[in-house]
Amino acid sequence: MTRAEKQTYDVIVIGGGVTGAGTARDCALRGLRVLLLERGDYNHGASGRNHGLMHSGARYAVTDPESARECVEENAILRRIASHCIESTDGLFVTLPDDDLSYQSTFVKACRQAGIKTEILTPSLTLLLEPSLNPQVQGAVRVPDASIDPFALTQANLVDARLHGAVTLCYHEVTSLLVNGGRVEGVQTLNKRTGESIDYHAAVTINAAGIWGANLLRSAGIEVQMFPAKGTMLIYAKRVNNMVLNRCRKPSNGDILVPDGSVSVMGTTSDRIAMDTIDDLRVTEAEVRLLVSEGEKLVPALKQNRLLRAFAGVRPLIALDDDPEGRSISRGIVCLDHASRDGMEGLITISGGKLITYRKMAEQATDLACRKLGVEASCTTATTPLPGSEEKKSARDVFSPSHKSNAAKRHGTRANQIPSDSPQDRTLICECEHVSVGEVKYAIEQMNAHDLVDLLRRTRLGMGQCQSKSCACRTANLLAQLTGYPTRALRDLATLLDERWKGIKPIAWGQTLRETQLTAEIYQGLCGLDKAINDRKEEQP
Ligand SMILES: Cc1cc2nc3c(=O)[nH]c(=O)nc-3n(C[C@H](O)[C@H](O)[C@H](O)COP(=O)(O)OP(=O)(O)OC[C@H]3O[C@@H](n4cnc5c(N)ncnc54)[C@H](O)[C@@H]3O)c2cc1C
């Protein structure tokens, strides 16, 4: 095969968030030759910066029934195809003394119309189910919400895409669309690791670049009105709730607490921000104050719970052509055929929606791509389990040692491919999240992890209570040995610690600040990280 043939595909997917990963998988399952390009690491955008709530649709039932219906359908499908990524917690929509109890009946009626199962609970039954709740709770409605791991979900889609022949490249930025006579014929890319620029060609290009897609389209003379909506969330060090907790009121700031493994995640805010700030998100003091105060109203025990970190993401919301100002902007799916909309053949945009509607988004984009390519192949992603979720039995029950059962939460049944024969492979390298040396090897060999931050997104290494304090240097050393780049270890270590610090800075007080000072003392004071990096600069590859 010549180099030019190698670079020609049926479909190019731009963006390695959950939508791009799901689209690449769907294309590959339908027999298309597909290339996925991601400018950073996978899940670098909103897909790695969200609440991890598997909506039942109830949150949108009153205000956005179309989104509610999309959520309820996809919720049922994901339980079948992505069981290893989901913790079936159920959710409560609770009425607190500040809320209007009469909203409950409006809410329940709207849920029923959207096909969402509801059960109205008395305050005493609510507290029996969820003892952490504010004891003054006035009532609650139980719905099939759940907690979902967005990192595991995207990775499972990528793994399956590759198993079906897709090529997926991270750290490859699409710098422009190749336009020729009213047709997009491919993309120009920059390999961010090597600096090499390469053109790839395809009959169809699918823009799944989230909020960044608007700028990409503009480079081809196409205008799409996108509304970047920033959301901030806080992670508490200890999990306090068993079920997803929502306030039973019109969606507002700071009204959801999601249990996520060993932590609880409080969120979120929603603020329109300027397009030129989407790459420079900062969590503000006002956002932290609001989330802390609303969280403590919901679960008073949060007052005694240490904050681990704060983070923010941008929702890729898109205005419909008949509503360019975005007055009634929906969280529904938007799939644009730029041939009929803008006279530009070979280009599709898929955006809007939610994490949990990614599969349906992928299906719509792939259906359109197939029509353009003249391919008759139907979608099978609603019935084909993702790698890791093939077996009905919960993957967590299959493995007994703690590192294996924790790995099973992240990789499902594929955790049995993690090396564990030697004592070294079984050794825990991150005690907080129970990540073994073998899992690090697996992430490097099977999941394209190149550096410490990549490892964090694939294994949760460094995401736990100590925020990398204990595991970072050991893993940097291991990574350097495994990848054969010893001089990179220091730079990787510094990058990981900087990345962790970004999330700690907005909430650095009390115990969290003390822990951070200890980390800084160990790495800068005792180990002299900055000095070591400067001394090694000459040697960097
Ligand atoms: C604060 C917040 C909370 C949320 N909570 C939930 C929730 O609880 N449940 C839920 O279902 N949904 C939630 N969402 C929505 C959900 O996260 C998003 O709808 C979903 O992740 C979007 O995925 P995506 O793949 O379309 O976009 P993204 O994940 O943003 O992916 C786009 C990707 O394209 C890449 N890219 C951009 N430009 C280029 C280029 N030129 N070349 C190559 N690659 C490029 C980016 O790096 C990025 O990785 C939340 C969103 C936010 C912001």
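User: What makes helix α15 (residues 452-459) largely enclosed by the rest of the structure?

Analyst: Happy to walk through it. A residue is buried if 20 or more other C-beta atoms lie within 10 Å of its own, exposed if 12 or fewer, and partly exposed in between, with C-beta atoms placed from the backbone. In α15, 7 of the 8 residues are buried, so the helix counts as largely enclosed. The buried residues are Leu-452, Asp-454, Leu-455, Leu-456, Arg-457, Arg-458 and Thr-459. Just after α15, Arg-460 takes a positive phi of about 75°. Keep in mind that this is a predicted model, in which local features need pLDDT of at least 70 and side-chain atom pairs count only at pLDDT 80 or more, while totals for chains, interfaces and linings use all residues. Residues are numbered from 1 along each chain as its sequence is written.

User: Why is Thr-277 called exposed?

Analyst: Thr-277 has 12 other C-beta atoms within 10 Å, so it is exposed. Thr-277 is found in the loop between β17 (271-272) and α8 (285-298). Its C-alpha atom and that of Lys-505, 228 residues apart along the chain, are separated by 19 Å.

User: How do you know that the radius of gyration of the chain agrees with a compact globule?

Analyst: The radius is taken over C-alpha atoms, and the globule rule is 2.2 Å times the number of residues to the power 0.38. For 541 residues the rule gives a value near 24 Å, and the chain has 23 Å, which agrees. The C-alpha trace spans about 70 × 60 × 45 Å along its principal axes, and 52% of the 541 residues count as buried.

User: Which domains is the chain divided into, and how many residues are in contact between domain 1 and domain 2?

Analyst: The bounds come from an automatic or database domain assignment. They give domain 1 (3-46 + 151-225 + 320-373), domain 2 (86-146 + 227-314) and domain 3 (397-539). Two residues are in contact if their C-beta atoms, placed from the backbone, lie within 7 Å. On that basis, 5 residues of domain 1 are in contact with 6 residues of domain 2. The touching side of domain 1 has 4 nonpolar residues, 1 polar and no charged.

User: What makes a set of residues a nonpolar core?

Analyst: Its members are buried Ala, Val, Leu, Ile, Met, Phe, Trp, Tyr and Cys residues, joined through C-beta atoms within 7 Å. The largest such core here has 119 residues, of which Val-11, Ile-12, Ile-14, Val-34 and Ile-206 touch the most other members. This core draws at least three residues from each of domain 1 and domain 2. Apart from it lies another core, of 29 residues, including Ala-408 and Val-435.

Note on methods:
Ala, Val, Leu, Ile, Met, Phe, Trp, Tyr, Cys and Pro count as nonpolar, Asp, Glu, Lys and Arg as charged, and the others, Gly among them, as polar. Helices (H or I, at least four residues) and strands (E, at least two) are DSSP runs, numbered from the N terminus.
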